[in-house]
Amino acid sequence: MTTASKNVNIIIASGRHRRGVFLSSKTRFFEAFSSRKALRSDLISHQNTRTELYKYTEKARVSVYLYIGIFHCRYILFRFPVAILQLAFRYKSLIFVHANNQTQMTMEIRGRIDHMNINVTNLAKSLEFYKKALGLNEVRRKEASDGSFVLVYLADPTEHFFLELTWLRDHPQSYNLGENETHLCMRLEGDYDAIRRYHKDMGCVCYENHDMGLYFINDPDNYWIEVLPVKR
């Protein structure tokens, strides 16, 4: 092969090589472009997925907030007043009263009348009167160690109420009862008219009201006692 032929073959080979390189580069370019396009499509799809996920997350978050809000509103509007009512029913004695921007605590008191006290000047005479006129008997007494006072409790057979007689050693004079508008009331069993006559014979009837059907007697210290029949 001549030198010219070799040169021609080299040129042809070189051209083919450059063409192959060009074709290979073009192929890689289109492949890269296609890959970039696919990647961009994937990115857009991924972005859309993220957007949808974000929207779903926001919806879920709003739903959670809404549920929490409804739960708390239900607790505030329903459970809290119920708890307060349960507490009030459980502890009935405690009632809170709001007045003048201040919280005052009062108590609902339940009790019964235990006894009433009167001071007497002659204890023996008073004991005799209350037993004879009203049927009250001594149930207990308390005496001071120095003899300065004596407390005697009288009661009827039921012992639901006591009349306390207080005798003071240092008060021998009669007590000032003022207008004497305070009185004890007793209901007596038996024939009411016969009991009235009995009290008149004792000389202790101090006032009668025939229109109202009642009368009063007074004890040795001039305390008034209203006398009524037992209700049937």
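Good morning, colleagues. Please bear in mind that the structure before you is a predicted model.

I begin with the overall arrangement. The chain holds three helices and 10 strands, and in sequence order they run α-β-β-β-α-β-β-β-β-α-β-β-β. Of the 232 residues, 20% are buried. The chain exposes about 18,400 Å², with carbon and sulfur atoms supplying 57% of that area. Taking contacts between residues at least 6 apart in sequence, 46% join residues at least 24 apart.

Let me turn to helix α3, which spans residues 192–202. Within the helix, Tyr 192, Ile 195, Arg 196 and His 199 are buried. These four cover an arc of only 105 degrees around the axis, and therefore sit on the same side of α3. In general, an α-helix has 3.6 residues a turn, so residues three or four places apart point the same way. What covers the buried residues of α3? The cover includes helix α2 together with strands β7, β8, β9 and β10. After the helix comes Gly 203, with a positive phi near 75 degrees.

Finally, I consider Gly 135, located in the loop between α2 and β4. Beyond its neighbours within four places in sequence, Gly 135 is in contact with Tyr 130 and Ala 155. Its C-alpha atom is separated by 8.8 Å from that of Pro 157, a residue 22 places away along the chain.

Thank you for your attention.

Methods: Residues numbered from 1 in each chain as written. Predicted model: local features only at pLDDT ≥ 70, side-chain atom pairs only at ≥ 80, totals over all residues. Heavy atoms only, no water. Helix = DSSP H or I, 4+ residues; strand = E, 2+ residues; numbered from the N terminus. Contact = heavy atoms within 4.5 Å. Buried < 20%, exposed > 50% of the residue type's maximum accessible area, 1.4 Å probe, protein only. Arc of directions from axis to C-beta. Areas by Shrake-Rupley, 256 points an atom, 1.4 Å probe, with all protein chains shown as cover.
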